[in-house]
Amino acid sequence: MNSKKAVSALSHKYIINDPLHQIFDAVSAISVQGYDENRRVIYWNEGSELLYGFTKEEATGQQIEDLIIPKPMCEFVIAAHTNWIKNGVEIPAAELTLLDKQGNDVCVYSSHVLFTNQYNNKQMYCIDIDLTDVIHAQAQATFKDQMLETIFKAIPDLFFLMESDGTIVDYHASNISDLYVSPEKFIGKNMTDVLPEDVARKFHNHIAKALKQTEMISFEYDLILPRGLSFFEARINYLSKYQQLVVIIRDITEQHKNAELIRHQAYFDCLTLLPNRFLALDRLTQILIEADRNTEQAAVLFLDLDDFKKVNDSLGHEIGDKLLIESAKRLQNVLRKEDTVGRLGGDEFIILLRGLTEHYNALAVAEVLLKTFREPFNIDGRELILTLSIGIALYPENGLGASDLLRNADTAMYQAKALGRNTHSFFTKEMNTVMQRRFAIEEQMHGALERQEFELYYQAQFDLSNDKMVGAEALLRWHNPVLGNVTPDEFIPIAEHTGLIVPIGQFVIRQALTFLSVWQGKGNKKYTMAVNLSPRQFRDEGLLSLIQNTVNEAGIDFEDFELEITEGVLMGGQSYIKDALHEINKLGIKLSMDDFGTGYSSLSYLRQYHFDILKIDRSFIHGITLNKSDCDLVKATIAMSHSLGLLVVAEGVETKEQHTLLRELGCDFVQGFYLSKPVPAKQIMNLSSYFN
Ligand code: C2E
Ligand code: CA
Ligand code: CA
């Protein structure tokens, strides 16, 4: 380009040296070139030297097309120049890419002027502003734009631009369907108007945090989308200079699912989907803490399928697996929601029973489990019988820690196997006997009333002042064909627990009062009848009306009827008990404090409630002739009772000496084997005529 064409001497006519040149000479930031009619350089300022690399000396006299015009443009430039000079068609200012001395592109914004000098020659001046930096910056910006665009397209994340108050001004999403609502519903809106309240609150709080710091803030939230519950991570960055927030949202639902899956695999058995050993032991630890807090009991049942190995070996693992799955289902169906079934591995399962009030309930569960396995399994059209051996360990009796309990339940399970399988066993022998007995009693008690296995015995009470029989206490007897005679001390607590005490108690009241009416009529004497009431009976709303109706039907006086309650009834302080006792008083029925001396023997109950009679427990009567302290205690109790206006009955009088001493101590009535054991109705009738 920089051809060494001989430069014909420039005539002086073109050398203008006016103030304009002086100005141009002073600015080096702008290139100014002057050309004559033949496009030869007549002026070349320092700015041109810097921009195009040619010195003034090199440039002067050269034609423009030989200096800075790229070849393809030359023809056009020459034509445009000629056209301007000849026809006055102006060359407009434009962005051009020219060349420097080294042949590199030079981007300029080129403006042109043409004027005629004092010699009537046309001169063109080009004023070029270097655009290299601008163009570079523009290119850079475009590049960044494109890069961002590519990134936005490639990344599934959502980008939002928000004002610092949460107004959404812009967004980028590679897939519009990822948006919670369509853009027209959120652009220009505050995110609190778009998102559900709880999520919006989270955003709000985190934005407030982001506004105060330069670091990125991130948090997680979830949204219900048409495809289901989805989890997101939001990252917020505050561009304080622009007072805008960049919010980047990433869908982390998959991650959540994977984490959940991993968690599940770590805690659950993949065949039966039951909690595995790890989780089961963890739950057991929790249950034990809870049991301590609520003073409750808990039980661990260790289950082993009998002869499962044989099934596996003979029918194959596939059937074995199906059998395990079905077994797990059966176990789950039997249990309460709050109990845990876990698979320890192989054919071993664990069951955790929480919040037990009675240990014996664990036995009931074990029985139900054995029963559910009596039904054959139907696997692939085949009927299979599978039995269980169950070991039971109780908390806190059989171990204080989870692993102790598990080990002891395991030991108990081996005992069950040794007993011939398809059964359960407690960790200790004593427990086995106690629990089996309790279970048998409960089982037999169902239907015992209907089968008329209950009978009332009556124990006579005597007036100490004259040794006359004054009445009797009704005591329940149970004759069961399987268990023989079961004592009330054994069956009453179980009847209480199962609630069977309510119908049984009703039977006692009816029976005792019916007998009293017969008894009174026969001897023409005002005998009294005492009946024991359990706490549970007070929860029966029909209790009072039953008593009232029965007394009326029997045609006896309310004052001849006594109800014996123990401190235990009063300790709960329930208002329905208070109300019932009040009603009993109002009817004129006598109230007896039973077993005095065994519990807390709180005097406050005697003051709070209107008692008529106090019964000193037989454990104290037993000692009165043997040690002074018992004697003193009984003496004091009698004195105290009298001062409170109560009559005193001494229970369990077995000897003549006790009888004599009690009379000396001022006791009012006695009851005990010395004078009479509890006997059937007929017998007490005979006795009473004898004592009359
Ligand atoms: P309790 O109310 O203290 O009844 C007195 C118990 O002492 C009776 O026992 C009676 O047989 C026994 N006894 C009486 N005299 C003597 C004696 O001289 N020496 C000895 N060692 N014992 C004597 P039983 O009949 O076995 O009843 C036990 C408990 O069962 C009763 O204690 C009572 O709490 C409860 N019970 C009995 N029948 C009923 C009933 O119908 N309803 C309710 N809720 N509880 C009942
Ligand atoms: Ca009693
Ligand atoms: Ca008693």
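The calcium ion (ligand 2) is coordinated at 2.1 to 2.3 Å by E473 (OE), N532 (OD1), E564 (OE) and D594 (OD), where donors are N, O and S atoms within 2.8 Å of the metal (3.2 Å for Na, K and Ca) and water is not among the atoms, so sites may look incomplete. The structure is a predicted model, in which local features need pLDDT of at least 70, side-chain atom pairs count only at pLDDT 80 or more, and totals for chains, interfaces and linings use all residues. Residues are numbered from 1 along each chain as its sequence is written, chains are lettered from A and ligands numbered from 1 in the order in which they are written, and side-chain values use heavy atoms, with hydrogens and water left out.

**Calcium sites**

- The donor residues of the calcium ion (ligand 2) follow the sequence spacing E-x58-N-x31-E-x29-D. E564 belongs to strand β22 (residues 561–565) and D594 to strand β23, so this pair ties together parts that are 30 residues apart in sequence. Helices (H or I, at least four residues) and strands (E, at least two) are DSSP runs, numbered from the N terminus.
- E564 and D594 are buried; the term buried means under 20% relative accessible area, exposed means over 50%, and partly exposed lies in between (1.4 Å probe, protein chains only).
- D594 lies in strand β23 (residues 590–596), whereas E651 lies in the loop between β25 (647–650) and α25 (656–664), so the pair ties together parts that are 57 residues apart in sequence.
- D594 coordinates both the calcium ion (ligand 2) and the calcium ion (ligand 3), which are 3.8 Å apart. Both D594 and E651 are buried.

**Buried positions in strands and a loop**

- T528 is placed in strand β21 (residues 528–532) and counts as buried at 16% relative accessibility. Leaving aside residues up to four places away in sequence, T528 touches Q461, V470, G471, A472, L516, W519, D560 and E562, contact being heavy atoms within 4.5 Å.
- I613 is placed in strand β24 (residues 613–616) and is buried, with a relative accessible area of 5%. Residues up to four places away in sequence not being counted, I613 touches E562, K590, L591, S592, M593, L646, L647 and V649. I613 and Y171 are 442 residues apart in sequence and 87 Å apart in space, C-alpha to C-alpha.
- N276 lies in the loop between α10 (253–267) and α11 (277–293) and counts as buried at 14% relative accessibility. Its contacts, not counting residues up to four places away in sequence, are Q265, A266, Y267, F268, D269 and R343.

**Helix packing**

- Helix α18 (residues 501–523) packs with helix α26 (residues 681–691) at an angle of about 25°, their axes 11 Å apart. Axes are lines fitted to C-alpha atoms, for helices over the stretch in contact, and angles run from 0 to 180 degrees between N-to-C directions.
- That angle makes α18 roughly parallel to α26, a label for angles under 35 degrees. The contact is made by F515, V518, W519 and K522 of α18 and by A681, I684, M685 and S688 of α26.
- In α25, Q658, H659, L661 and L662 are buried. The buried residues of α25 pack against α23 (618–621), α24 (628–643), β25 and β26 (669–670). Just after α25, G666 takes a positive phi of about 90°.

**Backbone geometry**

- Y395 and P396 are joined by a cis peptide bond, with omega about 5°. P396 lies in the loop between β16 (388–395) and α15 (402–418).
- D380 has a positive phi of about 50° although it is not a glycine. D380 is found in the loop between β14 (377–379) and β15 (382–384) and counts as exposed at 53% relative accessibility.
- D467, also a residue other than glycine, has a positive phi near 60°. D467 is placed in the loop between β18 (454–463) and β19 (469–480) and counts as partly exposed at 29% relative accessibility.

**Cysteines**

- The count of disulfides, pairs of cysteine sulfur atoms within 2.5 Å, comes to zero. C126 is in no disulfide, and the nearest cysteine sulfur, that of C74, is 14 Å away.
- C126 is buried, with a relative accessible area of 4%, whereas C270 is exposed, with a relative accessible area of 71%.

Conventions. Angles under 35 degrees count as roughly parallel, over 145 as roughly antiparallel, 65 to 115 as roughly perpendicular and the rest as oblique.
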